[in-house]
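User: Please take a close look at one part of this model, the annotated site and the ligand beside it. A single connected account will do.

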Amino acid sequence: MKAGVIGAGAWGTALAQTLSSQGEDVCLWALEPEVVEAVNRDHLNPLYLPGIPLNSSVRATGDMADMADRDLLLIVSPAQHLRGVVAGLPAGVPLILCSKGIEAGTTLLMSEVAQQAQPGSPIAVLSGPTFAHEVAKGLPTAITLACGDAELGSRIAARIARPAFRPYLSDDIVGAEIGGAVKNVLAIACGVAEGAGLGLNARASLISRGFAEMTRFGLARGARAETLSGLSGLGDLVLTCSSTNSRNFSLGKGLGEGRPASELLANRRTVAEGAFTAPVLREAARAAMVEMPVVEAVCALLEDAAPLGQVIDALLARPLRPE
Ligand SMILES: NC(=O)c1ccc[n+]([C@@H]2O[C@H](COP(=O)([O-])OP(=O)(O)OC[C@H]3O[C@@H](n4cnc5c(N)ncnc54)[C@H](O)[C@@H]3O)[C@@H](O)[C@H]2O)c1
Ligand SMILES: O=P(O)(O)OC[C@H](O)CO
């Protein structure tokens, strides 16, 4: 069993560590030569997953040609780079998409992008409440594995499951992807509430009303409600909206403290996907005639389109409506 992991950020490295824990031969592709060197020489990834000793069986490469002999590929690049990354892979190998986002310019989900970039490759989606450093330490984690082909999905679930890493199988790829993409934007909103000192009632309201937005949008794009209320939707929403361990929540916290988005996003090495997803989600929601006021508010703050107080007041002044 030879798996390839494409992308050696925090999540790709954590997945490589988890997979390699039970004899899987794992090759990790990294963009940065210093990451390749550190993984192979020191069994560490200080750039993206500092302080976690990696299994010596995790081998890193900077050469995509090394993926030619892999029979399973996990794609863990930032969402906006997924198309380019997938296009360079060998054809016909099952792809597990682990990135959370919607493609700018096309409003396509990652599975739709991957199908265009590698039309012959079977696709699954892995998404759920999974802080990378916790998974890498072997802490208990449950996650959704969505695959349209039930037999392939079962085989992949059995192959990636570990004693403390439990995939739950679904056939709703769209639902799993929409949960993961939308929760990042809502986590920015919850971070804003934290940074602006709006209190825990406000956070709970944002999670709950945000979930209503996620559900409206998901249903409009063909997702199933039970997927959105599962690990990859509500589960990940709760995780990401509750902790500064989340890059998206932290970004929002900075916005809530009054720091400009341009400063918070400049020169960052790690990815806060919600910042890229927010305007694309707004565009897709408007096209589908789905109201997403929390998402619209996050966009206004990211674009510095209105002062924080005005954005908060506008949300609070929306017409009263039934729940
Ligand atoms: N970190 C987590 O806990 C976690 C958990 C689940 C899912 N995810 C998702 O996984 C994806 C990757 O996130 P991460 O946390 O591993 O990344 P990260 O923030 O730790 O690292 C950034 C990654 O982007 C890569 N990158 C930068 N420029 C690139 C380019 N031009 N082409 C290809 N890759 C490029 C870097 O090499 C690095 O792998 C995101 O979509 C994220 O939402 C992350
Ligand atoms: O740090 P974040 O906000 O990118 O969240 C990481 C994962 O998506 C949590 O499931």
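Analyst: Leaving aside neighbours within four places in sequence, Lys183 is in contact (heavy atoms within 4.5 Å) with Lys100, Met214, Asp236, Leu237 and Thr240. This is a predicted model, in which local features need pLDDT of at least 70 and side-chain atom pairs count only at pLDDT 80 or more, while totals for chains, interfaces and linings use all residues. Residues are numbered from 1 along each chain as its sequence is written, chains are lettered from A and ligands numbered from 1 in the order in which they are written, and side-chain values use heavy atoms, with hydrogens and water left out.

Lys183 sits in helix 7, residues 173–195; helices are DSSP runs of H or I, at least four residues, numbered from the N terminus. With 5% relative accessibility, Lys183 counts as buried, a term for under 20% relative accessible area (1.4 Å probe, protein chains only). An unreviewed UniProt entry lists Lys183 under "active site"; such annotations may be inferred rather than shown by experiment, and positions follow the numbering used here, with feature names shortened.

Ligand 2 is surrounded by 13 residues, the closest being Lys183, Asp236, Ser246, Arg247 and Asn248; a residue is counted if one of its heavy atoms lies within 4 Å. A polar side-chain atom of Lys183 lies 2.7 Å from an oxygen atom of ligand 2. Backbone N or O atoms also approach ligand oxygen atoms: one of Gly128 at 3.1 Å, and one of Thr130 at 3.0 Å. The protein covers 92% of the 310 Å² of accessible area that ligand 2 has on its own, by the Shrake-Rupley method with a 1.4 Å probe.

Conventions
Helices (H or I, at least four residues) and strands (E, at least two) are DSSP runs, numbered from the N terminus. Buried means under 20% relative accessible area, exposed over 50%, partly exposed in between (1.4 Å probe, protein chains only). A polar contact is a pair of N or O atoms within 3.5 Å; within protein, one must be able to donate a hydrogen and the other to accept it, and residues adjacent in sequence count only if both atoms are side-chain atoms.
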